[in-house]
Amino acid sequence: MAPVENGKTRILDSAATALRQKGLAGAKLTEIAAGAGMLAPSIYHHFPSKDHLVEAVMMEGIYRNNRHIMAQVEVLGTSATAIERLKAAIEAHIGFLLTGDDYSSAVSRVFDDLPAEMKGRVLAAYSSFDNYWRDLIAAAQADGSARSRLDPTVVRKFLIAMLDSCATWYKPGKLTPAQIAEQAADLALNGFANG
């Protein structure tokens, strides 16, 4: 059984890398198989189609990212303020996307290109991620540290879209992932305009 799981894991890892780097249309099964150290037909021993493989990568990416963010927030303990918890989530999300987790970056990169049926299933799995952010935002509004006049759904959607976009434009260079994460948190929590 171990070789089957090892082969499946290699395929998933290779697919996540290809999806992150090339997007849905650019990720070819032959390249994914080569990255996994096998021939393309071998993929079908583990996944019935490319769509099944892509969906498995999406689900794993959501799971990994959510688990990472929750761990970074919950380690702060109960004494952390709602804004400190939200800041930790923002920094954790960006840091995770930019420091090499191909699965999470693949989700950000290809989600909009998924077929409608698959997108629906991925969105259903995404609900725990979405709900966690909703709770962080609601807590900040409830304790008065965030503006309650802003609709929390709008805040959540803009915030996550802003954070997810970094996977498509980030190139190592002037700023480190940690510096980008810090600036994103500052922008989201303190705004851009002086005054």
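Helices are taken as DSSP runs of H or I with at least four residues, numbered from the N terminus. The structure is a predicted model, in which local features need pLDDT of at least 70 and side-chain atom pairs count only at pLDDT 80 or more, whereas totals for chains, interfaces and linings use all residues. Residues are numbered from 1 along each chain as its sequence is written, and side-chain values use heavy atoms, with hydrogens and water left out.

A pocket is an open set of points, on a 1 Å grid over the protein atoms alone, where a 1.4 Å probe fits, with protein on both sides within 12 Å along at least five of seven lines; lining residues have an atom within 4 Å of a point. Grid points are joined across faces, edges and corners, and the volume is the space filled by probe spheres set on them. The largest pocket holds about 500 Å³ and is lined by 20 residues, with R147, L150, V155, A188 and L189 nearest its centre. To this lining α5 (82-98), α7 (116-142), α8 (152-169) and α9 (177-190) each contribute at least two residues.

The second largest pocket, with a volume of about 410 Å³, is lined by 15 residues, of which F111, D112, Y126, I160 and D164 lie nearest its centre. At least two lining residues come from each of α6 (102-110), α7 and α8, and α8 gives the most, with six.

Contact being defined as heavy atoms within 4.5 Å, W133 touches I69, L86, A89, I90, H93, R156, L159, I160 and L163, residues up to four places away in sequence not being counted.
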